[in-house]
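Reader: I am new to this structure and would like to learn how to read it. Could you walk me through it, feature by feature?

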Amino acid sequence: MAASSMTVKSFTFNPFQTNCYIAHANGEAALIDPGTHTAQERQAVLDYLERHALEVTHLLLTHAHIDHIFGCAFFADHFGRPFQMHAADKPFIAQAEEQAKGFGFPLEQPPLPDTFLEEGDTLSVAGFTWKVLHTPGHSPGSITFYDEANGFAISGDVLFSGSIGRTEGLPQTSLPQLMQSIFDKLVPLGDDVTIYPGHGTQTTVGAEKQRNPFLTGQVPGVPAPE
Ligand SMILES: [Zn+2]
Ligand SMILES: [Zn+2]
């Protein structure tokens with residue numbers, strides 16, 4: 001058993017206000033969704049790691065939309081390895097530089113991983129087991145990192161406080177698939193599980209079941225769960 005519970009530090013970076021997380025315990029850390037857009041934002045991550053004397057053992061992406069990967073090339077280079085992600089989002093990361101240009105942002109092309117994560121995979125992060133859940137809909141390769149012992153899920157742009165991930169105006173999205181991911185993968189985790197989303201404040205499954213209009217049948221065309 002790990003000696004201490006995990007700390008989840010959140011940062012909000014770049015013009016899209018994207019959350020980046022450092023989850024750590026026992027001197028080891030996972031860096032998730034490095035949306036760092038400026039040298040100052042990059043430094044905030046490095047300073048935190050240094051201040052807490054953390055060794056980064058995992059570089060992870062919930063999905064590969066550009067707002068979540070601005071800092072990918074820098075941190076992959078800094079730690080000497082690519083970020084782990086689901087293969088279905090490979091096209092997004094492969095075209096990262098082009099996508100960013102479309103928004104008028106400079107972005108250094110991140111290295112492509114050579115192995116990919118999928119549903120049912122487990123990671124050992126700082127002595128805790130993280131389960132990989134495939135939660136597509138907002139993007140085909142969206143994944144959630146679920147830590148049962150610590151009662152949290154880092155789920156990217158799937159479920160937000162009071163809302164859900166965008167499925168309009170983005171390629172390869174599906175609202176029915178997103179709702180299925182929420183109801184089949186996140187809701188069963190239990191009411192007390194903390195959700196660390198890709199945007200906005202943290203929440204819990206129970207709070208969203210009570211008040212999120214997408215989960216309570218108050219959005220036309222989105223049925224409530226049974
Ligand atoms: Zn996204
Ligand atoms: Zn996002």
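Author: Gladly! Let us start with burial, where buried means under 20% relative accessible area, exposed means over 50%, and partly exposed lies in between, using a 1.4 Å probe and protein chains only. Ala 96 has 0% relative accessibility, so Ala 96 counts as buried. Before going on, please note that this is a predicted model, in which local features need pLDDT of at least 70, side-chain atom pairs count only at pLDDT 80 or more, and totals for chains, interfaces and linings use all residues. Residues are numbered from 1 along each chain as its sequence is written, chains are lettered from A and ligands numbered from 1 in the order in which they are written, and side-chain values use heavy atoms, with hydrogens and water left out.

Reader: Where does Ala 96 lie, and which residues does Ala 96 touch?

Author: Helices (H or I, at least four residues) and strands (E, at least two) are DSSP runs, numbered from the N terminus. Ala 96 belongs to helix H5, residues 96-102. For touching, a contact means heavy atoms within 4.5 Å. Leaving aside residues up to four places away in sequence, Ala 96 touches Ile 66, Ile 69, Leu 107, Gln 109 and Pro 110. Gly 169, in turn, is 73 residues from Ala 96 in sequence and 17 Å from it in space, C-alpha to C-alpha.

Reader: How many helices and strands does the chain have?

Author: There are seven helices and 12 strands. A compact globule of 226 residues would have a radius of gyration near 17 Å, and the chain agrees because its value is 17 Å. Along the principal axes, the C-alpha atoms fill a box of roughly 45 × 45 × 30 Å.

Reader: What share of the residues in the chain is buried?

Author: Buried residues make up 52% of the 226.

Reader: How many positive and negative side chains does the chain have?

Author: The convention is that Lys and Arg count as positive and Asp and Glu as negative, while His and the chain ends are not counted. Each charge is placed at NZ of Lys, CZ of Arg, CG of Asp or CD of Glu. The chain has 11 positive and 25 negative side chains, and the centres of the two sets lie 3 Å apart.

Reader: How many disulfides are there?

Author: A disulfide is a pair of cysteine sulfur atoms within 2.5 Å. By this rule the count is zero. Cys 20 is in no disulfide, and the nearest cysteine sulfur, that of Cys 72, is 10 Å away. Cys 20 is buried at 0% relative accessibility, and Cys 72 is buried at 1%.

Reader: Which residues of helix H3 are buried, and what covers them?

Author: In H3 (residues 72-79), the buried residues are Cys 72, Ala 73, Phe 75 and Ala 76. Their cover includes S3, H1, strand S4 (55-60), helix H2 (66-69) and H4. One member of H4 (residues 90-94) is Lys 90. Lys 90 is partly exposed, with a relative accessible area of 35%, and touches Met 85, Leu 112 and Phe 116, not counting residues up to four places away in sequence.

Reader: What does Thr 36 touch?

Author: Thr 36 sits in the loop between strand S3 (28-32) and helix H1 (39-51). Thr 36 is buried, at 2% relative accessible area. Beyond residues up to four places away in sequence, the contacts of Thr 36 include Phe 13, Phe 70 and Phe 75.

Reader: Which residues other than glycine have a positive phi?

Author: The general idea is that most residues other than glycine have a negative phi. Examples with a positive one include Asn 14, with phi near 65°, and Ala 126, with about 50°. Asn 14 is in the loop between strand S1 (7-13) and strand S2 (18-25) and is buried at 5%. Ala 126 is in the loop between strand S5 (122-125) and strand S6 (128-134) and is buried at 3%.

Notes:
Rg over C-alpha atoms; globule rule 2.2 N^0.38 Å.
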